[in-house]
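Thanks for coming, everyone. Please bring up the sequence and the model, and follow along as I talk.

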Amino acid sequence: MIASLGAKAVQDVVDAGRFGRFTWRAATTSLRCCLVRGTFPLVWNQVNVIGVRSVPVIMITGAFVGMTLAVQAYDQLAGMGLEEHLGVLINIAVVKELGPVLAAVMLAGRVGGALTAELGTMNVTEQIDAVRSMGTDPIRYLVAPRLLACLLLTPILIMYADVMGVIGGALVSFLQLGINSRAYWNFSAAGVELWDVAIGVVKGFFFGGAIATISCYKGFNCKEGAHGVGQACTDAFVASFISILALDFALAVVFKSIYLTFWPIKSLV
Amino acid sequence: MTADFGVCGLERQNDQKEPAGENGAANTQIEVRNLTKKFGRKLVLDNVSVSIDRGKTTVIIGPSGCGKTVLMKHFIVLQRPTAGEVYFDGQRIDHLSERELNRVRTRFGYLFQEGALFDSMSVAENIMFPIKQHFKGVTWRQVEDVVKAKLAMVGLDGFQNYYPANLSGGQRKRVALARAIALNPEVILYDEPTTGLDPIRSDIINELVLKLERDLGVTSVVVTHDMRSAYKVGDRIIMLHNGRIIADGDADHIRDHPHPTVQQFINGQVSEDDLAVLRMSGAVATSQFLPRDFQQ
Ligand SMILES: Nc1ncnc2c1ncn2[C@@H]1O[C@H](COP(=O)(O)OP(=O)(O)O)[C@@H](O)[C@H]1O
Ligand SMILES: [Mg+2]
């Protein structure tokens with residue numbers, strides 16, 4: 001019992017070390033690839049595969065977040081006679097937290113799953129070994145373009161989610177809840193700063209990196225067979241989800257301290 | 001089993017080694033010394049030492065699962081030894097970093113057992129892949145000509161725009177072979193090149209192996225079950241069994257080898273032990289367990 005726990009702990013440490021080394025190699029290789037023109041077509045290819053097809057689901061995600069927030073928050077604010085402040089609440093929540101996090105979770109499922117399945121299948125059919133056998137670094141050829149594409153795309157897709165969230169929240173507020181649109185926008189403009197939007201987008205950079213490295217790592221270390229690929233996809237999604245939430249927390253702490261060193265705290269209502 | 005190993009040890013001594021111990025190094029292209037490979041607790045290669053002669057064709061035979069593929073992957077360090085060393089051209093390569101290995105690996109062609117074609121690419125793109133990776137300045141026209149020539153060598157010219165999914169197993173293997181020889185390698189490692197091919201195609205592949213050796217002085221290592229092919233292409237045949245080398249010599253040496261396991265393998269006979277197991281399980285299954293298994 002204790003021996004097996006110990007063995008498991010050792011295995012976890014070994015895995016963490018391997019993941020760390022993989023991440024380091026992926027990061028340094030990607031940096032180097034940025035300087036080489038040969039990688040641009042590969043990245044562009046991934047941008048099309050990963051990004052373009054994610055736009056609709058990301059927009060739907062964003063819109064529903066905004067709409068739901070409007071419905072849920074209205075009663076409380078209206079009870080205090082503050083319903084015209086609804087815009088600040090929705091828009092801050094969307095651009096700072098819910099837009100980035102939910103968009104990233106959506107991407108972890110859609111993009112991360114596809115990456116793990118693709119690379120995992122390549123691994124079990126020895127295609128990754130084939131890349132190595134021909135003297136090409138699979139990290140450079142397979143991981144770097146995907147990582148760069150995710151780093152580039154996640155912030156952009158988060159902006160899509162933000163825009164749709166803002167629009168969705170506003171539409172529900174005006175059409176269903178009958179809030180004065182002028183007041184709604186005025187309070188929003190006063191409450192939401194460029195800083196808030198920037199935080200959301202910068203988070204996307206980290207989320208994208210986490211999704212790509214975790215998914216590629218799981219694909220590269222996938223076990224044999226169809227079951228192995230399925231397992232790797234599940235593991236990759238769970239790990240991506242947890243790291244998105246953990247990163248979100250860590251970044252919130254960091255950004256808050258940065259903010260407070262420059263500006264005083266602001267009250268939203 | 002232990003008796004088995006005892007015999008192996010003796011056999012090794014009697015088996016012919018390379019001539020001339022002094023300039024042996026110059027004739028040796030690849031060498032593994034005391035190679036041991038474990039996956040977890042499972043011992044796959046047990047202290048294997050072998051050297052592959054330059055410009056010759058070495059055939060590795062042995063039953064399925066005896067570690068032939070694993071041994072071959074060590075020749076280009078696609079897998080790292082648990083213990084032991086791998087040398088290429090007199091230089092130790094098993095501890096090199098992946099980046100340093102990539103330079104060495106371009107001098108090899110590796111035909112994977114299952115082909116390992118990139119299924120997202122067409123046949124032509126598969127064969128272009130190594131060329132595009134290592135020759136930046138070449139024109140489209142030149143690459144196309146190389147692809148055509150390599151496909152013609154394996155009898156598949158005209159299949160450039162097919163995808164691996166639309167090819168038969170044997171065709172896939174031949175495309176993989178065309179890809180393996182795309183960079184005109186000095187050493188070609190063939191993992192079961194004729195498995196899954198009809199006899200005529202097998203013979204064409206055998207001829208191709210011989211032709212590459214004759215015309216270009218390529219060093220070849222061929223893993224196979226196919227004794228016809230082994231006798232035809234092999235300058236030297238090595239038999240692997242339970243992760244050890246139990247026979248090593250030319251075709252005649254293997255044909256007349258006294259070791260029963262070798263004789264069983266090359267004649268395709270089941271050993272008495274295996275037969276006994278088969279008979280017993282058959283009897284047990286029909287008389288007792290089978291009906292009850294089905295009832296549940
Ligand atoms: N990556 C791996 N992990 C665990 N076991 C492996 C791995 N690769 C091969 N093996 C085991 O090593 C043994 C030899 O495999 P292999 O070299 O593929 O046999 P063959 O002689 O048929 O080519 C098999 O029993 C196989 O289960
Ligand atoms: Mg094999």
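Chain A has 269 residues, and 47% of them count as buried. Buried means under 20% relative accessible area, exposed means over 50%, and partly exposed is in between, with a 1.4 Å probe and protein chains only. This is a predicted model, where local features need pLDDT of at least 70, side-chain atom pairs count only at pLDDT 80 or more, and totals for chains, interfaces and linings use all residues. Residues are numbered from 1 along each chain as its sequence is written, chains are lettered from A and ligands numbered from 1 in the order in which they are written, and side-chain values use heavy atoms, leaving out hydrogens and water.

Back to chain A. What is its secondary structure? It has nine helices and zero strands. Helices (H or I, at least four residues) and strands (E, at least two) are DSSP runs, numbered from the N terminus. The C-alpha trace of chain A spans about 70 × 50 × 40 Å along its principal axes.

Now look at helix H4 of chain A, residues 86-124. Where is its kink centred? On Val94(A), with a bend of about 55°. The bend at a residue is the angle between axes fitted to the seven residues ending there and the seven starting there. Just after H4(A), Glu126(A) takes a positive phi of about 65°. Ala117(A) also lies in H4 of chain A. This alanine, Ala117(A), is partly exposed, at 26% relative accessible area. Setting aside residues up to four places away in sequence, Ala117(A) touches Val229(A) and Cys233(A). Contact here means heavy atoms within 4.5 Å.

On to chain B. It has twelve helices and ten strands. Of its 296 residues, 49% are buried. Its accessible surface is about 14700 Å², and 52% of that belongs to carbon and sulfur atoms.

How confident is the predictor? Chain B averages a pLDDT of 83, and 86% of the residues score at least 70. Over residues 1-24 of chain B, though, the pLDDT is below 50. pLDDT is the predictor's confidence in each residue, from 0 to 100. For the complex, the predictor gives an ipTM of 0.81 and a pTM of 0.85.

Next, the metal. Which protein atoms are donors to the magnesium ion, ligand 2? They are OG1 of Thr69(B) and OE1 of Gln113(B), at 2.0 to 2.1 Å. Thr69(B) sits in helix H3 of chain B and Gln113(B) in the loop between strand E6 and helix H5 of chain B, so the pair ties together parts that are 44 residues apart in sequence. Donors are N, O and S atoms within 2.8 Å of the metal (3.2 Å for Na, K and Ca); water is not among the atoms, so sites may look incomplete. Gln113(B) is partly exposed, at 25% relative accessible area.

Last, the cores. The largest nonpolar core has 79 residues, and those with the most contacts inside it are Leu71(B), Phe75(B) and Leu189(B). Helix H6 of chain A, residues 138-176, gives the most to this core, with 13 residues. A second, separate core has 44 residues, including Leu111(B) and Val147(B). A nonpolar core is a set of buried Ala, Val, Leu, Ile, Met, Phe, Trp, Tyr and Cys residues joined through side-chain atoms within 4.5 Å. Beyond its neighbours within four places in sequence, Leu71(B) contacts several residues, among them Val32(B), Ile60(B) and Leu240(B).

How values were computed. Areas by Shrake-Rupley, 256 points an atom, 1.4 Å probe, with all protein chains shown as cover.
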